[in-house]
Amino acid sequence: MKGFSFAREDAFAPGQARGDAGSAEVGPLAVAVINSPMHVWQIREACAHWGVSPQDVWVVVFKQSSVNGETLERTLDEIGDWGRVFWLATPPALRTGFPGLASVLRRERHRADWQRHLAGARGPRFVMAALNRLPVNRQVAAWLGGEELIWLDDGTMTPTLVRKDAVRGAGMPGKRKAGSNKVGKGGTSRQSTPREDQGRGSAASSKRKRARRKTGGKRAGRRPLIPRPVRRLIKTIPGAARLWDRIGPRGAGLIQAVDARFQHYRGLSHLPEPLMEIDTGALKRAYPRAQTYFTVAETWPLPPGRWEPNRLGWLRDRLEESSPDASELHFLGAPLVERDGVPFADYIDWLRRVQQDSSDGREMVYVPHPRESEEFLGRLAKELDIEIRSLGLPYKIALAIMQRRPAVVASWFCSALEHLEVVGLPDLQLVAYRIPAFKSTLSKKRKANQAAIFGAADAFYRRHESGSGIDVRPVPVLHQALVAETGQEAVPPPSRTVSADAR
């Protein structure tokens with residue numbers, strides 16, 4: 001079997017019959033590659049913007065493990081009668097050692113599977129792909145080879161991802177690890193010589209050996225993966241030790257090289273590990289010339305990409321048909337405790353303050369985030385006298401099908417507020433409460449991984465605090481506590497920045 005070519009010239013012409021051998025099925029006008037319910041809504045907005053019927057769209061779903069499958073399926077059924085829907089697994093992780101050989105074969109079977117399913121979808125007029133950190137979206141979008149590539153909004157992280165793509169596409173050098181180069185006089189950097197590297201390597205090796213002797217070996221206190229008698233027997237096999245050196249934990253390069261070879265055979269651009277190390281240049285050479293970033297927030301992609309503002313016309317038409325309920329406020333939750341390291345006691349305290357701030361005759365309803373667990377919501381209900389209402393759909397879609405919507409929508413920071421601001425309903429108030437300083441419960445490694453989320457939060461507040469349709473407020477101090485401690489009625493604002501420790 002010959003792999004598909006990665007070049008645009010091999011794409012099918014629009015409207016040409018495409019499919020498996022002997023099939024007379026006509027291919028779609030558009031193909032969308034998505035991962036979450038929000039992306040389904042973004043497809044619907046793109047269809048309304050470009051005048052494409054949902055029946056002419058084939059939807060390819062690479063569902064992430066963190067996404068609720070029932071919610072995703074219900075969202076697909078609720079807002080569109082799609083031409084076809086493909087449910088495909090996400091790519092298996094690439095491992096090292098002997099399990100690495102099996103992982104390469106699993107990844108190759110995965111690539112063969114999605115290429116077989118999508119063989120009739122190549123060369124559409126539009127390819128729509130969710131702009132997020134999943135490389136498979138980019139790889140499939142490039143392989144489909146349509147006339148125009150439309151990048152779909154993924155929320156508050158979208159401007160950051162566009163900026164990173166622009167930096168990589170411009171060929172700017174990445175960050176070097178601290179201490180990789182020495183700085184000489186005058187501030188100029190100097191590459192280390194091979195003799196210096198060898199000396200440092202020998203010293204480090206001797207240091208590791210001494211530490212190993214002190215602790216009783218590298219795997220002291222743990223049961224070995226392979227019993228010692230079996231290891232002795234394996235070492236007697238000619239070439240076994242050399243083979244282990246090549247494919248063992250230190251031989252990850254061979255595993256990645258084999259996987260890259262399989263990708264080349266399939267006509268795909270190599271996506272090395274980890275996920276964010278994407279060969280953007282190779283992918284962009286295979287993308288359609290016309291690339292459009294269809295987002296709510298303004299972005300500045302590098303040519304040939306262009307920004308097309310998403311005015312949310314489909315959502316606006318449906319919200320204008322509903323009437324507001326002046327007695328209700330919806331507060332959109334966020335997984336700040338379970339994902340982002342906010343102490344539970346702090347989160348409860350913040351919600352009490354918000355509840356007091358909004359106690360002007362309106363009932364506050366807590367709408368949980370999809371990543372907030374049932375256990376967490378149960379603890380929340382015990383601490384606060386508040387209704388918790390799970391809608392079972394992305395909030396914007398649930399709002400669009402309500403007969404009576406709330407008069408106020410509030411949250412910490414989220415894309416829903418920005419989307420509703422773009423819709424611009426005069427009888428809908430939008431409030432964002434700035435996250436106060438807190439001491440994170442995460443480890444140093446996990447705090448570093450969450451830095452991008454709190455960076456997006458700071459960017460969100462900066463965009464809207466100078467004046468927009470979103471009222472950015474500090475979390476107020478509880479009135480009773482303030483009077484007891486200070487004897488004052490005025491409420492001073494708390495810290496206006498997310499804690500550096502939380503990052």
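**Figure 1. Ile-470 in strand β15.** Ile-470 sits in strand β15, residues 470–474. Strands (E, at least two residues) and helices (H or I, at least four) are DSSP runs, numbered from the N terminus. The model is predicted: local features need pLDDT of at least 70, side-chain atom pairs count only at pLDDT 80 or more, and totals for chains, interfaces and linings use all residues. Residues are numbered from 1 along each chain as its sequence is written, and side-chain values use heavy atoms, with hydrogens and water left out. Ile-470 has a relative accessible area of 3%, so it is buried. Buried means under 20% relative accessible area, exposed over 50%, and partly exposed in between (1.4 Å probe, protein chains only). Leu-430 is 40 residues from Ile-470 in sequence, yet their C-alpha atoms are 5.0 Å apart. Contact means heavy atoms within 4.5 Å. Beyond its neighbours within four places in sequence, Ile-470 contacts Leu-417, Glu-418, Glu-421, Leu-430, Val-431, Ala-432, Phe-460 and His-464.

**Figure 2. Helices α15 and α17.** Helix α15 covers residues 415–423 and helix α17 residues 451–465; their axes come within 11 Å and cross at roughly 25°. Therefore α15 is roughly parallel to α17. Axes are lines fitted to C-alpha atoms, for helices over the stretch in contact, and angles run from 0 to 180 degrees between N-to-C directions. Angles under 35 degrees count as roughly parallel, over 145 as roughly antiparallel, 65 to 115 as roughly perpendicular, and the rest as oblique. The α15 and α17 crossing is left-handed. A crossing is left-handed if the near helix is turned anticlockwise from the far one by less than a right angle, and right-handed if clockwise. Leu-417, Glu-418 and Glu-421 of α15 meet Phe-460, Arg-463 and His-464 of α17.

**Figure 3. Arg-434 and Glu-465.** Strand β14, residues 429–434, contains Arg-434. Arg-434 counts as buried because its relative accessibility is 6%. Its side chain makes a polar contact with the side chain of Glu-465, at 2.6 Å. A polar contact is a pair of N or O atoms within 3.5 Å; within protein, one must be able to donate a hydrogen and the other to accept it, and residues adjacent in sequence count only if both atoms are side-chain atoms.

**Figure 4. Helices α12 and α13.** Helix α12 (residues 344–357) packs against helix α13 (residues 374–383) at about 50°, with the axes 11 Å apart. The two are therefore oblique to each other. Their crossing is right-handed. Phe-344, Tyr-347, Ile-348, Leu-351 and Arg-352 of α12 make the contact with Phe-376, Arg-379, Leu-380 and Glu-383 of α13.

**Figure 5. The largest nonpolar core.** A nonpolar core is a set of buried Ala, Val, Leu, Ile, Met, Phe, Trp, Tyr and Cys residues joined through side-chain atoms within 4.5 Å. The largest one has 84 residues, of which Ile-43, Phe-331, Tyr-347 and Trp-412 touch the most other members. Another core, of 27 residues, lies apart from it; among its members are Ala-121, Ala-129, Trp-151 and Leu-268.

**Figure 6. Helix α4.** Of the 10 residues of helix α4 (residues 135–144), 10 are buried, so the helix is largely enclosed by the rest of the structure. Among them are Arg-138, Gln-139 and Trp-143.
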